[in-house]
Amino acid sequence: MSLINQAARSFGINARSSTRTLATAAAAPKTNMKGFQIYRWNPDTPAEKPHLQKFEIDLNKCGPMVLDAILKIKNEVDPTLTFRRSCREGICGSCAMNIDGINTLACLKRIDKESGKDMKIYPLPHMYIVKDLVPDMTLFYKQYKSIQPYLQADSIPADGKEHYQSKEDRLKLDGMYECILCACCSTSCPSYWWNQDQYLGPAVLMQAYRWIADSRDSKKAERLAMLQNPFSLYRCHTIFNCSKTCPKGLNPAKAIASLKMEMSSA
């Protein structure tokens with residue numbers, strides 16, 4: 001008599017059922033493998049050209065978002081993979097990249113489990129690359145600084161505390177103040193690709209209008225004057241790439257159109 005049968009009889013368990021349970025538990029779980037082709041470039045090895053490197057991971061052991069997959073690759077497969085990330089909640093904008101041809105946030109982009117195709121991941125397009133998926137944001141932040149993105153009021157509130165604003169004026173800022181400066185919209189714009197040394201791009205222009213539309217700000221005329229040139233604003237040709245790709249669902253194209261209206265009446 002086998003040890004299994006002896007143990008089963010001693011505890012009053014059916015031997016066949018016990019054997020079947022043990023066999024089922026021993027069966028290896030199925031894997032669900034998914035391929036990820038990721039852009040790689042290392043400035044420390046300039047002789048090696050940029051290329052796509054393929055990684056395969058088991059989706060059964062991975063979170064649902066692309067950022068989960070990238071973190072799993074870095075932690076378990078290749079620790080040299082370089083990218084930015086922070087909040088994992090679509091708030092900081094750090095993990096902006098081009099995934100399957102669309103600029104978005106890796107933390108908000110779900111892994112495509114239905115398609116058998118590999119997912120392709122690139123850094124934001126038409127930007128200088130620091131390493132792998134890390135773009136150089138220096139010019140982008142310099143442009144943002146140039147619009148003076150802070151409240152400038154001539155008068156001090158009577159109570160010395162805060163500038164009051166009506167509910168109607170406050171509503172005018174909705175859809176603009178939520179921008180997280182991820183640069184997904186700007187790097188999807190062909191005009192920004194070709195003229196980013198002079199054209200401010202959708203993200204910065206929307207923030208420029210955010211302060212022009214703010215009823216508490218006193219420098220509207222000066223802000224409009226800074227944009228009075230052929231390139232800063234008017235390279236926008238209204239193709240709506242910016243609004244289509246925004247991972248926060250904002251509408252930079254609408255803000256730019258409103259900014260042009262302000263310029264025409266200034």
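1. Serine 188 is buried at 9% relative accessibility; buried means under 20% relative accessible area, exposed over 50%, partly exposed in between (1.4 Å probe, protein chains only). Serine 188 sits in the loop between helix H5 (167-171) and helix H6 (190-195). Helices (H or I, at least four residues) and strands (E, at least two) are DSSP runs, numbered from the N terminus. Leaving aside residues up to four places away in sequence, serine 188 touches Asn103, Trp193, Asn241, Cys242 and Thr245; contact means heavy atoms within 4.5 Å.

2. On the basis: this is a predicted model, where local features need pLDDT of at least 70, side-chain atom pairs count only at pLDDT 80 or more, and totals for chains, interfaces and linings use all residues. Residues are numbered from 1 along each chain as its sequence is written, and side-chain values use heavy atoms, with hydrogens and water left out.

3. The largest nonpolar core has 65 residues. Such a core is a set of buried Ala, Val, Leu, Ile, Met, Phe, Trp, Tyr and Cys residues joined through side-chain atoms within 4.5 Å. Phe36, Ile70, Met97 and Ile121 have the most contacts inside this core. Elements giving two or more residues to it include strand S1 (33-40), strand S2 (51-58) and helix H3 (66-76). H7 gives the largest share, seven residues.

4. Isoleucine 121 has partners that include Phe36, Ile70, Met97 and Leu133, not counting residues up to four places away in sequence.

5. H7 is largely enclosed by the rest of the structure, because 11 of its 11 residues are buried. Among them are Gln207 and Arg210. The buried residues of H7 pack against H4, helix H8 (220-226), helix H9 (241-245) and H10.

6. There are 13 salt bridges, each a side-chain nitrogen of Lys or Arg within 4 Å of a carboxyl oxygen of Asp or Glu. Arginine 40 and aspartate 78 form one (3.0 Å, N to O). Arginine 40 lies in strand S1 and aspartate 78 in the loop between H3 and S3, 38 residues apart. Arginine 40 is buried at 7%. Aspartate 78 is buried too, at 14%.

7. Aspartate 68 pairs with arginine 88 (2.7 Å, N to O). Aspartate 68 is buried at 15%, whereas arginine 88 is partly exposed at 41%.

8. Aspartate 154 and lysine 219 form a salt bridge (3.5 Å, N to O). The two are 65 residues apart. Aspartate 154 is exposed at 58%; lysine 219 is partly exposed at 25%.
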